[in-house]
Amino acid sequence: MPQQQILAVIRQLAAEEKAITTAAVRARLTRPVPLSELLALVSRYKQSPDSLPPLTAASLQDSNTHAESELSARLLTLEQLVAEQALRLDRLEHLLVTTLGGKLD
């Protein structure tokens with residue numbers, strides 16, 4: 001399974017036309033993988049990109065599921081931030097109206 005995750009990240013970086021380095025691949029991995037396997041696959045890709053084994057359907061689905069959960073978490077965080085800012089704006093407007101004695105023009 002670690003091999004499939006490494007391969008998915010390598011292909012993702014290649015599709016984005018980013019440099020395929022051990023650090024770049026490692027930064028995108030969601031789980032720890034054996035360093036020896038990571039080094040071997042990155043080295044193999046650099047020598048011959050077409051020599052990597054194909055991805056399995058399960059690893060593609062795993063990758064999509066992870067991306068969806070990351071997006072959902074990010075969306076939830078942003079929604080909470082917007083709600084907090086709206087509440088803060090309401091408080092500031094109320095304070096301003098109170099300070100100006102009901103005249104907000």
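My entries on these topics follow.

**Basis.** I am working from a predicted model, in which local features need pLDDT of at least 70 and side-chain atom pairs count only at pLDDT 80 or more, while totals for chains, interfaces and linings use all residues. Residues are numbered from 1 along each chain as its sequence is written, and side-chain values use heavy atoms, with hydrogens and water left out.

**Helix packing.** I looked up helix α1 (residues 2–15) and helix α3 (residues 35–47), and found that their axes come within 10 Å and cross at roughly 40°. Helices here are DSSP runs of H or I with at least four residues, numbered from the N terminus, and the axes are lines fitted to C-alpha atoms over the stretch in contact, with angles from 0 to 180 degrees between N-to-C directions. I therefore note α1 and α3 as oblique to each other, the term for what is left once angles under 35 degrees (roughly parallel), over 145 (roughly antiparallel) and 65 to 115 (roughly perpendicular) are set aside. Their crossing is right-handed, meaning that the near helix is turned clockwise from the far one by less than a right angle.

From α1, the contact (heavy atoms within 4.5 Å) takes in P2, Q3, I6, L7, I10 and A14, and from α3 it takes in E37, L38, L41, V42 and Y45. I sorted these residues into nine nonpolar, one polar and one charged, with Ala, Val, Leu, Ile, Met, Phe, Trp, Tyr, Cys and Pro counted as nonpolar, Asp, Glu, Lys and Arg as charged, and the others, Gly among them, as polar.

**Salt bridges.** Searching the whole structure for a side-chain nitrogen of Lys or Arg within 4 Å of a carboxyl oxygen of Asp or Glu, I find two salt bridges. E16 pairs with K18, the closest N and O atoms being 3.9 Å apart, and E16 also pairs with R28, where the closest N and O atoms are 2.7 Å apart. The latter pair links distant parts of the chain, since E16 lies in the loop between α1 and α2 (22–28) and R28 in helix α2, 12 residues apart. Through shared partners, E16, K18 and R28 join into one network.

I noted relative accessibility as well, taking partly exposed as the range between buried (under 20%) and exposed (over 50%), with a 1.4 Å probe and protein chains only. E16 is partly exposed at 36%, as K18 is at 45% and R28 at 29%.

**Q5.** Q5, in helix α1, is buried at 14% relative accessibility. Leaving aside neighbours within four places in sequence, I find Q5 in contact with L29, T30, R31 and V33.

Key:
Helices (H or I, at least four residues) and strands (E, at least two) are DSSP runs, numbered from the N terminus.
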